[in-house]
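Here is a two-chain model to explore together. Have the sequence and the 3D view ready, and let's see what turns up.

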Amino acid sequence: MSTAPFVLRSRLRALSDHIATGIAVLSTILVVAPLVAIFAYLLFKGASSLNLDFFIKIPKAVGEEGGGMANAIVGSAILLGLGSLIGVPVGIGGGVFLSEFGRGTKLANTIRFTADVLNGVPSIVMGIVAYSLVVVPMHHFSAFAGGVALGIMMIPTVCRTTEEMLLMVPNVIREAALGLGVPNWRAVLSITVKTASPGIITGCMLAFARVAGETAPLIFTAFGNAFWSTDLNREIAALPLQIYIYAISPYDDWHRLAWGGALVLIILIVLAVSLVRYVTSRGVLKGAN
Amino acid sequence: MGVGIEVASLNAWYGNNHTLQDINLNIPANHATALIGPSGCGKSTFVRCLNRMHETNPIARVTGTVRMGDLDIYGDAKPVEIRRRVGMVFQRPNPFPTMSIYDNVAAGLKLNGFTNRRALDEIVEKSLRNSALWDEVKDDLKKKSGASLSGGQQQRLCIARALAVDPEVLLMDEPASALDPVSTSKIEDLIFQLKSQYTIVIVTHNMQQAARVAEKTGFFLNGRMVEFDSTHKIFTNPSDKRTEDYITGRFG
């Protein structure tokens, strides 16, 4: 008799548990499904146009068969390298300032607000900024200008994630370092930043992956180039630009190349991120969380 | 060798909160001194004033004088210099999570530019022996992270880390409050051994612990030091009624 309400309640509890788990699983599927779908579709459409020529040849003129995207692959690598060279140090430096040196100050609050706004600025505007900062004074498009555009885009993401990750380092760790008579700047660099480094690296990778697919900021900075060039001072090809040009063209052959380019771009991003993760995780000891 | 600590009219604030009011006491060299009192009475703030850790909080403020041997803590000595001579062990074990056991112990020296490998090896071994951890970790000094040890081992690692920079004073802020009884008794044994070489100041909530390890005990209440005397006197025949009430468990 008296156990009946209890049984009912425990059934209800089991039911709501199943429902909650079900919702969580469903959400996970909804999150992962588009990613899987995009990748599968890219493989389906792009894999057939990938061959050795794609990686070692430059584009051919309309109507000619074959040709590849070697110049765009190398161009993207150069642009992203330049962008990272600008965005990563400035972003990390800014994040370290926000969390460790300027915490609570007006300057820090202003910088944080600016970074958040910068994060929401359309990428084409970043292109215009780089255009007026670099292209106009130099009087021509260049790989350098494209790198600056991507670098500026990376700064706010890197800066804010660095700050967030540093704030997660418990204060007792900072105190332990200071308590040993270590100067503050040294404690920040060797202890706090090092402790937060896995998270900071993730932030850099996110920023990297995000700008790797950017087309708009490159249109009037790097400009694109149908020929082989690694000169920082000249127009340079980039995968997203090349994909864009091919995709809006009326030729089936170019459409196929665009699909191949998109597939290669995604694969290269995954490879770059995995490589950085692998290299940086080897130094960190097992069991250190 | 340890040095004595003379504290005169020490006052400390957190913002507008006057957490320490006019503290005067002499802590003897090469002995263990316990500080007891209810939560929030200012005993932690007091030890943090001894190595100028208190002022790392931007809203904190200190006045008064603290002398440690020839060192005037609030005179022209630099905090960095002071903290090398005054080791600190915190309530929660806080090894550097990205560092190996070895690097944790060597951290204070390495981060101050000490590079002699051979000497470093010796200091690390000596410090780990002094903190009674050597036998448990000697085989994975560089293989295991400091964070992979148990809580009690981590705390002894933190003691080794503090000893490695060869301080004269060791401040311990409730070093055993997060540990199980076995680890606690190991830490207490350690304090017993270490006090012949270092001046030890230990904050504790555990009155039996104070009675076991310390020769001198100070009782703090509401930011003031009510009584400071030999541990035996404090626990058997306190002069102040409030001390007696606290010891006998009538409040706090």
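Let's start with one alanine. Leaving aside its neighbours within four places in sequence, A176(A) is in contact with F90(B), N94(B) and F96(B); two residues are in contact if their C-beta atoms, placed from the backbone, lie within 7 Å. You'll find A176(A) in helix 7 (residues 171-179) of chain A. Helices (H or I, at least four residues) and strands (E, at least two) are DSSP runs, numbered from the N terminus.

Before going on, a word on the ground rules. This is a predicted model, where local features need pLDDT of at least 70, side-chain atom pairs count only at pLDDT 80 or more, and totals for chains, interfaces and linings use all residues. Residues are numbered from 1 along each chain as its sequence is written, while chains are lettered from A and ligands numbered from 1 in the order in which they are written.

For the complex, the predictor gives an ipTM of 0.87 and a pTM of 0.84.

Is A176(A) buried or exposed? It counts as buried because it has 26 C-beta neighbours inside 10 Å. The rule is that a residue is buried if 20 or more other C-beta atoms lie within 10 Å of its own, exposed if 12 or fewer, and partly exposed in between, with C-beta atoms placed from the backbone. Over in chain B, H232(B) sits in helix 9 (residues 231-236), and H232(B) counts as exposed because it has 12 such neighbours inside 10 Å.

Here are two pairs of residues, with distances taken C-alpha to C-alpha:

| Pair | Apart in sequence | Apart in space |
|---|---|---|
| A176(A) and I191(A) | 15 residues | 9.5 Å |
| H232(B) and E215(B) | 17 residues | 7.6 Å |

Now zoom out to chain A. It has 11 helices and 0 strands. A compact globule of 289 residues would have a radius of gyration near 19 Å, but chain A has 24 Å. That radius is taken over C-alpha atoms, and the globule rule is 2.2 Å times the number of residues to the power 0.38. The C-alpha atoms of chain A fill a box of roughly 85 × 60 × 35 Å, taken along the principal axes. Buried residues make up 38% of chain A's 289 residues.

How do the two chains meet? 26 residues of chain B are in contact with 22 residues of chain A. On the chain B side, helix 2 gives the most, with 4 residues. That side divides into 11 nonpolar, 9 polar and 6 charged residues. Ala, Val, Leu, Ile, Met, Phe, Trp, Tyr, Cys and Pro count as nonpolar, Asp, Glu, Lys and Arg as charged, and the others, Gly among them, as polar.

Finally, take a look at helix 7 of chain B. Which of its residues are buried? They are I187(B), L190(B), I191(B) and L194(B). These residues cover an arc of only 100° around the axis, so they are on the same side of helix 7 of chain B; the arc is that of the directions from the helix axis to the C-beta atoms. On the other side of this helix, P181(B), V182(B) and Q193(B) are exposed.
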